[in-house]
Amino acid sequence: MQTREITKADFDEIVEVIDRWWGGPISTFAHPIFFYELGDNALIVEEDGRLVGFLLGFIHISTPRTGYIYLVGIHPDHRRRGVGRLLYETFTQRCRDRGCTRMKAITTAGNEGSIRFHHALGWEGVEIEDYAGPGRKRVVFTKDLGDLPD
């Protein structure tokens with residue numbers, strides 16, 4: 001498997017396949033801002049030249065500087081084969097290289113697969129009521145990357 005930055009052709013393919021990969025209408029979450037404005041932080045994984053996973057993320061210049069993972073998709077035939085881990089590790093290293101000392105991601109409460117995945121990678125999760133609006137709790141994950149050397 002190979003990881004690389006997203007291209008316009010990759011983004012177009014993601015928009016076409018994401019509803020099938022996720023099992024429901026979600027393509028509007030693959031917003032074009034993640035290609036046109038934030039594309040240098042978006043990654044794909046290929047196997048034999050075929051798209052098998054993607055990660056849309058960005059770096060928030062808050063204090064602490066934070067890498068934020070917004071949306072990840074894995075082809076159903078490639079789940080539990082290390083694609084997600086590869087995407088997270090690659091993106092985390094890019095964030096470290098750009099001065100981030102913390103990572104953040106959010107999932108819906110009850111998304112047990114996502115919760116187990118994040119915990120397995122050493123992320124801490126806290127369930128927060130009304131995070132996404134009244135009655136819409138979310139699990140907010142963070143991972144401390146440590147302080148950068150002076």
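In the predicted model, D48 has a relative accessibility of 80% and is therefore classed as exposed, the threshold for this class being over 50%. D48 is situated in the loop that links β2 (43–47) to β3. The backbone of D48 adopts a positive phi, near 55°, although the residue is not a glycine.

A positive phi is likewise found at D130, where the value is about 60° and the residue is again not a glycine. D130 belongs to the loop between β6 (124–128) and β7 (138–144). With a relative accessibility of 44%, D130 falls between the limits of 20% and 50% and so counts as partly exposed.

The peptide bond leading from T63 into P64 is cis, its omega lying near 0°.

The packing of two helices was also examined. Two packed helices are described by the angle between their axes and the distance between the axes. Helix α3 spans residues 83–97 and helix α4 spans residues 112–120; their axes are 11 Å apart and form an angle of about 55°. The crossing of α3 past α4 is right-handed. On the α3 side, the contact is formed by G84, R85 and Y88, while α4 contributes F117, H118 and A120. By residue class, the contact comprises three nonpolar residues, two polar residues and one charged residue.

Strand β5, which covers residues 102–108, includes T107. The relative accessibility of T107 is 8%, which is under the 20% limit, and T107 is therefore classed as buried. Beyond its neighbours within four places in sequence, T107 is in contact with S114, I115, R138, V139 and F141. Among these partners, S114 is also joined to T107 through a polar contact between the two side chains, at 3.3 Å.

The residues described thus span the accessibility classes: T107 is buried, D130 is partly exposed and D48 is exposed.

Definitions and conventions:
Residues numbered from 1 in each chain as written. Predicted model: local features only at pLDDT ≥ 70, side-chain atom pairs only at ≥ 80, totals over all residues. Heavy atoms only, no water. Helix = DSSP H or I, 4+ residues; strand = E, 2+ residues; numbered from the N terminus. Buried < 20%, exposed > 50% of the residue type's maximum accessible area, 1.4 Å probe, protein only. Polar contact = N/O pair within 3.5 Å; in protein donor to acceptor, adjacent residues only side chain to side chain. Contact = heavy atoms within 4.5 Å. Axes fitted to C-alpha atoms, helices over the stretch in contact; angles between N-to-C directions. Left-handed = near helix turned anticlockwise from the far one by under 90°. Nonpolar A, V, L, I, M, F, W, Y, C, P; charged D, E, K, R; others polar.
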